[in-house]
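Below is a short report on one protein chain. Read it with the sequence and the 3D view at hand.

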Amino acid sequence: MVVSGVLLVISAPSGAGKLTLLNEIRARKEDRFVTTVSATTRQPRKGEEHGVDYYFVDREAFIARRDRGEFVEWAEVHGNLYGTLNAELDRCLETGKDVILELDVQGMKNLCKLREDVVSVFLMPPSLEELERRLRNRGTDDDDVIALRLKNARNEIGDRHAFDYIVVNDKIEKAASDLEAIIRAERCRADRQP
Ligand code: 5GP
C-alpha cells in the first residue's frame, strides 16, 4: 500500500506570515511537499509571476471556469475571486508528496465538506497590532485595503476553532517547527498506515 502525502490546508489573515512560514518549511523539507497554485482575479503584486504565485485571470474567465465546474473550491476574498482548480489539486496529489493549500477560511470549510482527509491549520499572528504593523511595513497596499484586511483578519481569527490546529507565528522558527510536527504526527496516524 502506498502511503500518500498529507493534504494540509493553511489559512491565515494576510500579514500573519504565511509566505515566510512556507519558505522556511520549504528550506527545511526541501522538495518533500508541493503547494497548489490558485487562480485569482486579483491584480499581480510586484514580483508575482503567472503560474508561480497564482494563475491571474480576469473575472469573466474565472466565472466561466467556475460555471463549468473546474474548481474544487472557490471564494470571494477582499473583493477578488480565488479558487483551486481540480486539475491543479490532482496534479499535486499525483506527486505523492505532502500537498499544502493556502486557502481562506471559507475555502477550508468547503474543501473539508468534500474530502475527509484534509488537515487544517490556522496561522495566528501574535497580535492585531503586530499584524497591522506587518501589513503597513509590507508597503504593497493602500490604507483602505489595509483597513479591509484588518477587518477580515478579526473575523478570521474569530473562526480559528473551526481548524484542527492553531499555530501562533510569533517566532518563525518555532512556527515552522510546530507545522513540521503537525505534518509528522499526521503521517503517523494509524489510519494512514498499512
Ligand atoms: P492574497 O491576495 O493576499 O494573495 O490572498 C488573499 C486571501 O486569499 C488569503 O487568505 C489566501 O489564503 C486566500 N486564497 C488564496 N488562494 C485561494 C484559493 O484558491 N481559494 C480560497 N478559498 N482562498 C484562497
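C112 counts as partly exposed, because its relative accessibility is 31%. This is a predicted model, and every value in this report is computed from it. C112 takes part in no disulfide, and the nearest cysteine sulfur, that of C92, lies 17 Å away.

C92 counts as buried, because its relative accessibility is 1%, and buried means under 20%. A disulfide is a covalent bond between the sulfur atoms of two cysteines. The cut-off used for such a pair is 2.5 Å between the sulfur atoms. By this rule the count is 0 disulfides. For C92, the nearest cysteine sulfur is that of C112, 17 Å away, and C92 is in no disulfide.

## The parallel sheet

In what order do the 5 strands of the open parallel sheet stand? The order is β2-β7-β1-β8-β9, and the pairing is parallel. At the edges are β2 (33–35) and β9 (165–168); each has a single partner strand, so one side of each is left without a neighbour in the sheet. Neighbouring strands of this sheet are turned by 25 degrees against each other on average, with direction ignored.

Strand β1 (residues 7–11) and strand β7 (residues 98–102) run parallel and are joined by 4 bridges. V9 has L101 in β7 as its bridge partner.

## The mixed sheet and a helix across it

Another open sheet has 4 strands in the order β4-β3-β6-β5, and its pairing is mixed. Here β4 (55–56) and β5 stand at the edges, each with a single partner strand, so one side of each has no neighbour in the sheet. Strand β3 (residues 39–40) runs antiparallel to β6, and 2 bridges join them. A39 stands opposite G83 in β6.

Helix α3 (residues 86–94) lies across β4, β5 and β6. The helix runs at about 45 degrees to β6.

## A loop residue with positive phi

Where is H78 found? H78 sits in the loop between β5 (71–77) and β6 (80–85). Most residues other than glycine have a negative phi. H78 is not a glycine, yet its phi is positive, at about 50 degrees. H78 counts as buried because its relative accessibility is 19%, and the cut-off for buried is under 20%.

K18 is found in helix α1 (residues 18–29). Is K18 buried or exposed? K18 is buried, yet it has no salt bridge. The nearest side chain of opposite charge, E102, is 4.4 Å away, while a salt bridge needs a side-chain nitrogen within 4 Å of a carboxyl oxygen. Leaving aside neighbours within four places in sequence, K18 is in contact with I10, A12, E102 and L123.

K109 has its place in helix α4 (residues 105–114). K109 counts as partly exposed because its relative accessible area is 34%. Which residues does K109 contact, leaving aside its neighbours within four places in sequence? K109 is in contact with D159 and A162. K109 and H161 are 52 residues apart along the chain, and their C-alpha atoms are separated by 12 Å.

Technical notes: Residues numbered from 1 in each chain as written. Predicted model: local features only at pLDDT ≥ 70, side-chain atom pairs only at ≥ 80, totals over all residues. Heavy atoms only, no water. Buried < 20%, exposed > 50% of the residue type's maximum accessible area, 1.4 Å probe, protein only. Contact = heavy atoms within 4.5 Å. Lys, Arg positive; Asp, Glu negative; His and termini not counted. Pairing = 2+ DSSP bridges. Axes fitted to C-alpha atoms, helices over the stretch in contact; angles between N-to-C directions.
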